[in-house]
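Me: Hey, I'm new to this one. Can you walk me through it?
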Amino acid sequence: MDFDLTEEQRSFQDSVRVFAERNLAEGALARAHDERFPWDVARKMAEAGLFGIMLPEEDGGAGGSLMDAVLAMEQIAYVCPRSADVLQAGNFGAFRTFAEYATPDQKQRFFGRLLRGEAIAAVSMTEPEAGSALTELKSSCTPDGDGYRLNGGKVFTSNTEDAEVFLVYCRFGPGTDGIGSVLVERGQEGFRLGAPSHYMNGETWCALYFDNVYIPPENVLLKEGGFRKQIAGFNVERVGNTTRALALGEYCFRQAKAHAETRRQFGRTLNEFQGIQWKFAEMRVALDAAQLLLYRAATRGANGLPSAQDVAIAKFACNQAGWMSANESLQVMGGTGYSTDLLLEYCVRKTRGWMIAGGSLEIMKNRIAEGVFGRSFSQRPPRARDAG
Ligand SMILES: Cc1cc2nc3c(=O)[nH]c(=O)nc-3n(C[C@H](O)[C@H](O)[C@H](O)COP(=O)(O)OP(=O)(O)OC[C@H]3O[C@@H](n4cnc5c(N)ncnc54)[C@H](O)[C@@H]3O)c2cc1C
């Protein structure tokens with residue numbers, strides 16, 4: 001087992017770190033407190049070739065690997081935690097699932113703006129009655145001429161107010177096999193956004209309402225039978241959430257370490273107290289262990305699509321390590337850490353969200369247990385199962 005990065009990976013890492021220090025260090029705090037998407041960062045990243053890292057060169061990408069994108073994400077987050085969301089949008093998010101299955105016509109129509117950092121795509125899966133039980137989603141597409149009519153609604157879509165195109169999971173027929181996805185463009189007739197709500201991390205989301213929205217055939221991404229493919233793509237998005245959670249934990253660790261080396265109480269620096277030393281020891285173990293699991297998930301995936309089991313294990317470990325480290329680092333920094341003058345409290349709020357978003361910790365554990373026992377465990381009550 002080789003635990004070292006290659007020369008090429010190290011040099012890519014360095015180049016992203018230099019980009020982040022030059023372009024993102026200034027304004028990092030203000031960006032975290034701005035609920036809207038930082039478009040200026042998107043354009044700079046796109047110009048630097050940091051959008052579409054995993055996309056093939058013929059599609060306008062850099063032809064890199066999932067591991068390359070993970071390394072880039074870490075370097076960005078260590079300097080500007082909020083900017084890591086921008087890298088997510090340009091590499092891991094809805095765009096990545098879309099890119100995996102897009103037709104040549106869809107690539108031609110959408111990729112240019114997405115890769116130039118002029119537009120972002122959002123993923124709309126969750127519905128009021130279909131959260132963890134995603135396959136219970138009800139938004140449906142019914143045939144209309146060559147195309148379809150979309151009816152239903154979504155909640156919790158990140159970047160609702162800034163996205164130009166929405167990758168909407170919907171139903172073409174009954175059961176899990178009836179689920180596919182379509183592209184809905186902002187401003188389409190019958191597509192309406194509700195009033196913005198705020199997440200604890202400061203970002204907003206709006207409910208999405210689809211009232212007989214016409215979906216032309218060229219805006220269908222995956223028809224019925226597409227659900228498993230979509231989740232395979234979504235596992236890459238999960239790696240993005242996983243990486244950001246861990247990287248924000250590491251960001252806080254570094255801030256707290258510098259603070260503990262200089263802050264004096266009772267005539268000594270904080271790092272001389274064993275109670276504080278042990279916090280750092282526990283954080284270091286959790287962060288390092290989680291990073292190994294993350295790198296394993298990123299490097300083992302065939303064709304850039306990691307295994308569901310590897311991702312579930314990595315997400316569970318990184319979500320917990322990231323949040324624990326952010327929270328403990330804040331504690332080490334006392335009132336300074338709790339203040340909104342620093343990014344620690346933002347990182348605590350942000351890492352907390354990833355324990356729910358993209359598949360909660362509990363759902364990850366369900367998935368891991370299925371891998372352990374080599375069988376699926378229905379979460380539905382026996383009577384509903386018997387009734388079919
Ligand atoms: C910051 C953030 C960003 C998000 N971004 C998006 C987005 O861009 N697009 C999108 O579509 N959605 C998004 N979501 C929604 C997210 O995917 C859902 O919140 C998540 O899937 C959980 O669904 P729920 O909130 O309905 O909770 P529920 O499904 O109601 O679950 C509530 C609790 O019960 C637990 N639970 C449920 N079922 C089980 C079970 N079988 N076994 C054990 N425990 C269980 C859950 O783990 C959770 O703790 C986002 C959420 C957050 C917090």
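Me: How many Å separate the centres of domain 1 and domain 2?
Reply: 24 Å, with the centres taken over C-alpha atoms. Bear in mind this is a predicted model, where local features need pLDDT of at least 70, side-chain atom pairs count only at pLDDT 80 or more, and totals for chains, interfaces and linings use all residues. Residues are numbered from 1 along each chain as its sequence is written.

Me: How many residues does each of those two put into the contact?
Reply: Domain 1 gives 14 residues and domain 2 gives 14 residues. Contact here is C-beta atoms, placed from the backbone, within 7 Å.

Me: Which helix supplies the largest share on the domain 1 side?
Reply: H6, with four residues. Helix H6 (94-101) and helix H7 (104-115) each supply at least two residues of that side. Helices are DSSP runs of H or I, at least four residues, and strands are runs of E, at least two, numbered from the N terminus.

Me: And where do the domains run?
Reply: Domain 1 is 7-119, domain 2 is 122-225 and domain 3 is 228-373. Those bounds come from an automatic or database domain assignment.

Me: New topic: what is the phi of Asn212?
Reply: About 60°, positive although Asn212 is not a glycine. Asn212 is in strand S9 (residues 208-215).

Me: Is Asn212 buried or exposed?
Reply: Asn212 is exposed, because 12 other C-beta atoms lie within 10 Å. The cut-offs, with C-beta atoms placed from the backbone, are 20 or more others within 10 Å for buried, 12 or fewer for exposed, and in between for partly exposed.

Me: Where does Phe156 lie?
Reply: In the loop between strand S3 (147-154) and strand S4 (165-171). Phe156 has a positive phi near 70°, and is partly exposed with 19 other C-beta atoms within 10 Å.
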